[in-house]
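Student: Could you take me on a close look at one buried spot in this model, and then show me how the rest of the packing compares with it? I'd like one connected walk-through.

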Amino acid sequence: MMTSATHAAWMVVKSVLVAALVIATPVIAVVVAVAVLAVSPLPGAVPDPLPTSEIRPAYLLASDGTPIATLRGFELSLPTQASDITPQVAAAVIAAEDRNFYQHTGVDVGGIVRAARENLDSGGISQGGSTITQQLVKNRYLGGERTFGRKIREAVLAQRIETEMEKDEILLAYLGDSYFGSGAYGLAAAANIYFAKTPAQLDLSETAMIIGMLPAPSAYSPHVDLPQAEAARKRTLNAMRETGSITTAEYTQAEARPLLLLGRPSDAGMVDVNLATMVMPLTGSDFGPFPYFAQYVEKYLVDTLGEQVVYSRGLTVETTLDIGRQTTATELVTDLANRSGDPTVGAALAAVEPSTGFIEVLASSTSWEQSQVNLATGGDTGFQAGSSVKPFVLAAAMERGSPPTRTINAPTVYVTANGTQLRNFGGASGGTTTMREAIVNSLNTPLLMLAAELDPNVVAATARRLGVTAWGDDRAYGEVIALGAYETSPLQMASAFGTFAARGRHLAPVPVLRVTAADGQVLIDNSLRLPDQALDEVVADNVTSVLTDVVQRGTGTAARLTRPAAGKTGTAENFSAAWFVGYTPEPRRQCGWVMSTGSGPCRRSTG
């Protein structure tokens with residue numbers, strides 16, 4: 001007669017074999033299952049829960065060692081109660097995570113088969129097949145070790161727990177233990193952090209967002225990646241519709257309420273809860289006197305290390321911020337915006353050290369209390385950079401053998417493939433000019449012709465290598481790329497011009513030098529990075545020569561210094577933004593730029 005442990009073991013072997021049969025031969029499947037059980041003895045009883053992780057803040061230091069900010073997570077101070085698991089919450093988690101929850105006994109053989117088939121079709125691990133009970137076991141008893149033996153133990157314990165706990169108790173324990181991103185441990189903490197509500201007060205759309213984060217809470221947090229959180233919300237709503245837990249009408253009404261972060265300028269006019277699903281801003285961290293920079297560092301750390309490490313390991317974060325330059329830059333851009341007399345105008349400046357990629361300045365004229373959107377990193381959508389992108393066309397042409405002295409016979413009016421007529425700024429006539437003079441005087445029609453000749457996608461690829469990562473390879477570009485018609489960010493432009501300054505060598509911009517955990521483990525050390533040769537040295541030097549002429553005798557004379565300087569001006573369409581991107585070639589120090597948005601000062605800008 002089988003004992004309960006033997007029966008549980010056999011059920012696990014059966015589950016493993018069924019899944020293995022989908023992706024392997026029967027003999028291999030049997031050998032794998034038996035071998036794993038041989039080296040992974042089955043537990044005689046449910047083990048004690050894993051110890052709760054200690055929550056310790058991360059401390060940010062400027063480049064000179066001055067403390068500038070503290071990053072804090074949230075402890076699980078709001079325990080999840082049985083009353084928090086409303087029918088709506090239960091329906092959402094079951095539809096999204098485990099549709100056979102009330103039918104299986106801890107392991108869902110059908111779910112394993114579906115997951116195996118999905119993984120086989122996708123060529124990777126796209127489906128896990130774990131039940132809610134298995135995930136509870138992983139969270140509470142076993143941890144996240146990714147081994148086949150751990151999966152076997154997880155399945156055995158899941159079946160044992162099903163004999164000791166009611167289904168509703170399992171559901172409560174799972175939602176009480178799970179991590180929901182942004183430092184929220186447990187459903188009650190998630191409801192409070194994201195919506196300032198209890199779980200019972202959540203509406204359908206809010207519930208769907210929170211439950212949708214469970215597969216990847218750090219990545220799907222709306223504070224980290226709003227589009228990912230929105231996609232997860234919609235997947236959960238669709239799952240609830242498919243299982244019949246909500247009607248099509250309920251789905252349609254909830255799906256039409258997109259996520260918006262409270263306090264962003266893009267939220268203006270959308271604060272009515274009937275029109276959007278409003279997410280509260282994260283207020284746990286103290287961003288100190290340089291909040292935009294600290295916010296950027298926090299996102300970098302979370303993207304690199306994950307939230308649980310950032311908020312629990314007691315990190316010392318040595319940032320690349322130069323306090324003196326940051327303070328001066330903030331005063332400069334604030335004065336620039338104020339002088340416009342237009343409250344809708346904002347200005348920003350970034351500075352990157354070309355030889356290291358270290359971000360020394362991220363300055364914005366906006367008040368942190370007024371808006372948490374960082375203009376220096378492009379805000380929500382980025383900005384058109386106007387003629388400041390023309391050096392990318394020049395670099396692409398020189399890579400293909402055209403010297404700066406090459407002549408171009410350009411028309412007064414350039415007609416694009418879709419019939420749009422484009423002219424030089426101020427109505428300057430066409431005629432014969434060199435590539436150098438076209439850049440120095442910021443002529444449009446010669447650069448449009450050159451971009452079309454090269455293929456605009458080639459220009460985009462060149463800019464991408466240099467640092468304009470917003471110009472991805474997932475879309476086609478037109479010749480208007482030469483006029484900065486596609487959005488980027490000031491930080492990316494600073495990085496790209498820094499590549500010119502570094503003679504073609506590129507290092508992605510980073511805000512952190514080194515990160516050390518409280519136990520002394522070094523988690524990040526960006527001092528060890530080696531640059532890529534993104535552009536030939538001779539080409540980069542020739543671009544610098546041309547950009548030096550821009551400052552000495554072209555559209556950038558306002559930026560002249562007592563030592564050589566190189567750069568390029570730019571004005572976006574309809575004067576919506578004015579740019580200057582520049583650097584000092586000798587010594588090769590900073591790559592910085594100033595940008596303003598709005599209609600005020602930009603109307604006095606050219607080039």
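Tutor: Let's start with E154, which is buried at a relative accessible area of 1%. Keep in mind that this is a predicted model. E154 sits in helix α6, which spans residues 148–164. Which residues does E154 touch, not counting those up to four places away in sequence? They are S130, Q134, V137, K138 and L142.

Now for the nonpolar packing. In soluble globular proteins, nonpolar side chains tend to be buried together. Here the largest nonpolar core has 86 residues, and the members touching the most others are L301, F392, W471, M493, F500 and L547. Take W471: once you set aside neighbours within four places in sequence, W471 is in contact with V389, F392, A460, A463, R464, Y477, I481, Y486, E487 and T488. Apart from that core lies another one, of 50 residues, including L157, I211, L214 and A232.

Two backbone spots are worth a look as well. Most residues other than glycine have a negative phi. A196, though, has a positive phi near 55°, and S442 has a positive phi of about 50° without being a glycine. A196 belongs to the loop between α8 (187–195) and α9 (204–212), while S442 is in the loop between α17 (435–440) and α18 (445–454). Are these two buried or exposed? A196 has 52% relative accessibility, so it counts as exposed, whereas S442 is buried, with a relative accessible area of 4%.

Note on methods:
Residues are numbered from 1 along each chain as its sequence is written. This is a predicted model: local features need pLDDT of at least 70, side-chain atom pairs count only at pLDDT 80 or more; totals for chains, interfaces and linings use all residues. Side-chain values use heavy atoms; hydrogens and water are left out. A nonpolar core is a set of buried Ala, Val, Leu, Ile, Met, Phe, Trp, Tyr and Cys residues joined through side-chain atoms within 4.5 Å. Buried means under 20% relative accessible area, exposed over 50%, partly exposed in between (1.4 Å probe, protein chains only). Contact means heavy atoms within 4.5 Å. Helices (H or I, at least four residues) and strands (E, at least two) are DSSP runs, numbered from the N terminus.
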